[in-house]
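Hi,

Here is the structure I promised to pass on to you. Have a look first, and my notes on it follow below.

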Amino acid sequence: MKTDAMKTDAMKNDAMSGELVRQRTAASVDLLRRVLDGQIADSTSGRGGLIADVLTGIGDVSLGGKHLRARLVHIAAGPVEGAAADEAILLGACVDLLHGAFLIHDDIIDRDDLRRGRPTIHAAVRDSLADGGAAPADAAHEGTSMAIIAGDLALVGVQQMILGSDLPDDRARRSLRILGNAMTVTLGGELLDIIHGAEPGAATGERVRDASWMKTSVYTFEAPLQLGAMVAGRDEAPMVPIGRDLGRAYQAADDLAGVFGDTADTGKAAAGDIARGRSTLVTMRDGDDADVIAEVIAEGTDQLDRARAAIAAAGLPHEVASGLRDVADSIEGSLARHGR
């Protein structure tokens, strides 16, 4: 049984661990900013114009948001020091850039003109060219083309950051394997999602869940947690089921926001999933809004229960387990907001 003093010490340690995660996440963001600023300077020297706008757009997407993926690397790494801390900071920057690449491509696929309340890359280029007198169809095509290349540059940039770093060869190879697997699975999930839109009969409940797991859980949760465990020299295997179940719950909350969220909160068009005919955990269900919301919340809550059980069974260091429980609590809060 824990005494009050022991509980107080645990709370202090949790607070210190949380502050360390925040500091190192900020360091990952700062590293990514420096890398992107350098690339923009090298690529736009003496030119500017659209190329500067596109490259700046990569930075805007990758450096914005809550940096959940970088934070997960640092939560899983725990209080590592020295070279291991530097490796975690690098890999945190890499997963943020990977996220940016997928968002750029996802906005094209979903025909979203807003991201975090600002025009997406393809929309910004399209509108700029149209304002300059280009035919609407030509402006739209050029905007899409440039955004595809922007996303590709970000994907390649992830690999270049690792290959150009001081990571030991074995860790660099392992990092690239983890991230390469995440890229492959995520792209497969995107393909399934497109197929579900093109062939609505293919969008069964289980297939929608599979696509959601492939699109979100692996690169957002499983890969960052594996990378953090690798840096700390711990077994990566327990992180896979934890990341899978956290990711599924996170997707449930995101799907609710995609239908019932406000633009001010999501940064995207309200009810965008319905307008674009996307197959999600919400849109695949029939019934009135209250029933659908309750079912999706229940599904997400079940995944959180699984994640918490996996965290408890994994034998993780206290600060790592505590950080993961905080993530689960945050997702639970996101789910609960839609049930009010």
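Predicted model: local features only at pLDDT ≥ 70, side-chain atom pairs only at ≥ 80, totals over all residues.

**Confidence and what I found**

Helix α10 (residues 263–266) has the lowest mean pLDDT among the elements of the chain, at 56, while helix α3 (residues 68–77) has the highest, at 98. Over the chain the mean pLDDT is 88, and 88% of the residues reach 70 or more. One stretch to treat separately is residues 5–12, where pLDDT stays under 50 and the model has three contacts beyond four places in sequence.

On the overall make-up, the chain holds 13 helices and two strands. Of its 340 residues, 47% are buried. Taking the contacts with a separation of 6 or more, 73% are between residues 24 or more positions apart.

Now to a helix pair. Two packed helices are described by the angle between their axes and the distance between the axes. For helix α9 (residues 239–260) and helix α13 (residues 318–337), the angle is about 20 degrees and the axes are 8 Å apart. Angles under 35 degrees count as roughly parallel, and α9 and α13 are therefore roughly parallel to each other. Their crossing is left-handed. On the α9 side, the residues in the contact are Met-239, Ile-242, Leu-246, Ala-249, Tyr-250, Ala-252, Ala-253 and Leu-256. They meet Val-320, Leu-324, Val-327, Ala-328, Ile-331, Ser-334 and Leu-335 of α13. By type, the residues of this contact are 14 nonpolar, one polar and no charged.

Which phi does His-67 have? The value is positive, near 60 degrees, in a residue other than glycine. His-67 sits in the loop between α2 (50–63) and α3, and with a relative accessible area of 13% it is buried. Arg-116, also not a glycine, has a positive phi of about 55 degrees. Its place is the loop between β1 (114–115) and β2 (118–119). Arg-116 counts as partly exposed, because its relative accessibility is 32%.

Finally, a histidine inside a helix: His-196 belongs to helix α7 (residues 169–198). Is His-196 buried or exposed? At 3% relative accessibility, His-196 counts as buried. Leaving aside residues up to four places away in sequence, His-196 touches Ala-202, Ala-203, Arg-207, Val-208, Ala-211 and Ser-279.

Happy to talk any of this through.

Best wishes

Conventions
Residues numbered from 1 in each chain as written. Heavy atoms only, no water. Axes fitted to C-alpha atoms, helices over the stretch in contact; angles between N-to-C directions. Helix = DSSP H or I, 4+ residues; strand = E, 2+ residues; numbered from the N terminus. Parallel < 35°, antiparallel > 145°, perpendicular 65-115°, else oblique. Left-handed = near helix turned anticlockwise from the far one by under 90°. Contact = heavy atoms within 4.5 Å. Nonpolar A, V, L, I, M, F, W, Y, C, P; charged D, E, K, R; others polar. pLDDT = per-residue confidence, 0-100. Buried < 20%, exposed > 50% of the residue type's maximum accessible area, 1.4 Å probe, protein only.
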